[in-house]
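Open the model in your viewer and keep the selection panel at hand. The tour goes from one interface to another.

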Amino acid sequence: MKTENNRAWFLVLPVFALVAFSAIVPLMTVVNYSVQDIFGPDDRVFVGAEWYREILQDDRLQQGLLRQFVFSFAILLIEIPLGIAVALAMPRRGRLASLTLVVLALPLLIPWNVVGTIWQIFGRADIGLGGVLVTALGVDYNYAANPFDAWATVLVMDVWHWTSLVALLCFSGLKAIPDAYYQAAKIDGASAWAVFRFVQLPKLKNVLLIAVLLRFMDSFMIYSEPFVLTGGGPGNSTTFLSQTLARLAVGQFDLGPAAAFSLIYFLIILLFCWLFYTTMMQLGRGSQQ
Amino acid sequence: MARIELAHLAHSYLGKPAEEGDYALRPTSHVWEDGVAYALLGPSGCGKTTLLNIMSGLLRPTSGRVLFDGRDVTDLPTEDRNIAQVFQFPVVYDTMSVFDNLAFPLRNRKTPEAEIRSRIEEVAEILDLASCLRQRAGTLASDARQKISMGRGLVRTDVSAILFDEPLTVIDPHLKNSLRRKLGEVHRESRLTLIYVTHDQTEALTFADRVVVMHEGEIVQADTPQALFERPAHTFVGHFVGSPGMNFLSCEVDGGCAVVDGRRIRLADDTAMDGAKQGDRWELGVRPMFLELVFERPTEGVPVRITHVEDLGSSKIVTATTGGGNLKVRVGGEEEIRDGSAWVVFPPEQSLLYRNSRLCGKSAAGQP
Amino acid sequence: MKPRHLLLVVYVVFLMLPLYWLLNMSFKTNEEILGAFTLFPHEFTLDNYRVIFTDASWYMGYVNSIIYVTLNTLISLSVALPAAYAFSRYTFVGDKHLFFWLLTNRMAPPAVFLLPFFQLYSSIGLFDTHIAVALAHCLFNVPLSVWILEGFMSGVPKEIDETAFVDGYGFTRFFLTIFLPMIRSGIGVTAFFCFMFSWVELLLARTLTSVNAKPIAAVMTRTVSASGMDWGVLAAAGVLTIVPGALVIWFVRNHIAKGFALGRV
């Protein structure tokens, strides 16, 4: 097994230094700013937890938070089952299998702003195939003017962009299931649904945890795609937390509140990741005598 | 119950098998008698798992038929075949309780709950699983989970044969014995046909009533462990069964005797070489424990040079060379063995003649 | 069987349609795009691509992106490899805490680091350089790399290390000539993920650069804010950003399934 050796720290030092430089120093800065009111480079006042109080009571923030949660949970609700279904439908062997893998992986390697651009074009009712198809069905569709349309487009865009990640993760999980399980299920006379429920789903537990965590985190941090697609509009309807923060920090240069907001943002993500992790571990354990 | 008959079964994993070497299973016919505990023995890659999967219906043979009690089941799917299979590692539904695991095959066949309960209680008794019926199967140790796999086969009333594919592979060595004994008990209680695939000859010889030995896609002998030891039908069986394996010396034949290094050796059956043809390859086979090692010239024997002595405590294995090849002789642990020359005496009743690797003569009775 | 295949076909069509549309647009003139709605270019043109390949403000975007992505992959790999080895072979004071802390960095929203990074890199004079973006992306790529590599390294039996040391190999020599070749596919997978994340990230890359190291993503969004959009060129630029990704997937396609398994999934 592993041997005890504190000199292993030398091997870890580069990583530690790099990540510390990239993480600790900035975070300290953020914490620092979050408790001060900054008027200018040399003009600051310590204000304690004032920004935190203000932000937590701010209507816009609360609405933004709500918007973000609705978005992230909607994403999970659609992408996880869809990803599992696609993984089950994918061919496991042969040339068709690698071709399918390549096609599925493609959306994952597109720069996020280009994803926004693609859908910006695709969704337009005048020059985009998608927009034209939808209006041809008789629906009045305009993602730039109508909040509902904007939301729908952002959701479909994210599903288009990221479901493949869930599908590929589940695919690798399914591939790892030994044939013997399917053979035994056949001998036991199990239906396809029973095979899914008792053989495949339990074995996908670990993979699904990773998928849920990744999708939750990344959807909670989403920035480029909706920014390029709708710019956050119409109004504030598709302005998610990252954009709000970016506006505060770099746009308005409100360093204090921005910093406080940053920390609250980070903590929420950590909290929910922890919640998801423990919940899924518990579900996995089930009930025992 | 089930008498399983294999009629001219052959299988190739390649789309268009061209020559013999392309076949994982060469054309074979065999009958598995009802209620007998068989071991299917052979080295890795000899085709035993292929044969097992064809019998259980998980694999469709390239050619040939499988019959259960005279009924052709070759085209029947696995779940209609009245067999159960236990795999190399425990295949258990981890999220279900032990009870639900055992109930699963019965519920899928719409058996009434009351009957399910009584069947499970019976089987759990036999397998010593009664105390953990309510536990989640995923929490148990591998030997218990392998018993659950067995149990799922035993609960079904329509099962006539259970096929085991090297089921003790992942079991801890100190638990293997108890599991093997349990299997024996199960066989005695249920009187089912059991077919137990293994590459371990000790396992096969201790467990089975009859052992079927496979080699390169063919069944080379199906016999009692005793017959396998005393009358191997194929040189492979001679090598594989017994430790150390049988001695084989290239020889000539002349007038009812084998001739090794110019010495005539009488055989168990002096008509063995009848029907000889040009180009036949002859070998003389004798087990190490039947040979006698002497240091004074005997009336009949072959001179040898002793090259190596291995001391096993209760016995010694002496390796010696003759003109026709190497020999191993088993002697008592107390014997003094000097290096140098000696003589080996071949007892006629245990001297067997092999033509092109197959046993010949009246003694070749145990052929499949 | 049937509904499964139908689902897959519908999904693949769903994925391909917007991509096809982008490709379609990149070969059209702006007049055709705005004038008539056509399913394929009636007046096929390569002008849009020509603009990108000849206008420095466009193609430098690609060059810059490739530079910092490569830098990031190299840096991430070289620091992650020894660290992953340490996590895989040794226990040491604070190892579990360190590992967990590394993973939490992956959970940090890039937006949180916008301002601090901006100030940090400006203050050390690295603003608008490739190395700045490469280092910034390390915050997310290094933890992921350590995680993936540790999984692969744990699959290599310790006996191999011990044998090499007994045979007199120094640590560096052992690591470079014996150990690394054994986890070749793990290194490939890690490089793939580093490339993937760094290539696609916009926010940090745009914030930390202005002119000299401006990535293609920023160039494209610049086009967005201008009035009278050049749709054709924009589409062509988009297509060109997809090409490196497509090439990478094609070359590692046989390892993709293995890669996603990560040895520990």
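How many residue pairs are in polar contact between domain 1 of chain B and domain 2 of chain B, counting pairs with both residues at pLDDT 80 or more? The count is five. Bear in mind that this is a predicted model.

**Stop 1: the two domains of chain B**

Select B:4-235 and colour it as domain 1. Then select B:244-366, which is domain 2. These bounds come from a domain assignment. The C-alpha centres of the two domains lie 38 Å apart. Where they meet, domain 1 puts 12 residues into the contact and domain 2 puts in 15.

Now show the surface. About 1,900 Å² belongs to another stop, between chain B and chain A; here, the area buried between the domains is about 1,100 Å². Carbon and sulfur atoms give 53% of that domain-domain area. On the domain 1 side, pick B:Phe229, B:Arg231 and B:Thr235. These residues lose the most area to domain 2, together 53% of what the domain 1 side buries.

**Stop 2**

Next, select strand 10 (218-223) and helix 7 (225-230) of chain B. Each supplies at least two residues to the side of domain 1 that touches domain 2. Strand 10 gives the most, with four residues. By class, that side of domain 1 divides into five nonpolar, three polar and four charged residues.

**Stop 3: chain B against chain A**

Bring chain A back into view. Here 24 residues of chain B are in contact with 22 residues of chain A. The area buried between the chains is about 1,900 Å², and carbon and sulfur atoms give 62% of it.

Last, select strand 6 (83-86) and helix 2 (98-108) of chain B. These are the elements that give two or more residues to the side touching chain A. That side of chain B has 12 nonpolar, five polar and seven charged residues.

Methods. Residues are numbered from 1 along each chain as its sequence is written. Chains are lettered from A and ligands numbered from 1 in the order in which they are written. This is a predicted model: local features need pLDDT of at least 70, side-chain atom pairs count only at pLDDT 80 or more; totals for chains, interfaces and linings use all residues. Side-chain values use heavy atoms; hydrogens and water are left out. Contact means heavy atoms within 4.5 Å. Buried area is the accessible area (1.4 Å probe) that two parts lose on being put together, summed over both. Ala, Val, Leu, Ile, Met, Phe, Trp, Tyr, Cys and Pro count as nonpolar, Asp, Glu, Lys and Arg as charged, and the others, Gly among them, as polar. A polar contact is a pair of N or O atoms within 3.5 Å; within protein, one must be able to donate a hydrogen and the other to accept it, and residues adjacent in sequence count only if both atoms are side-chain atoms.
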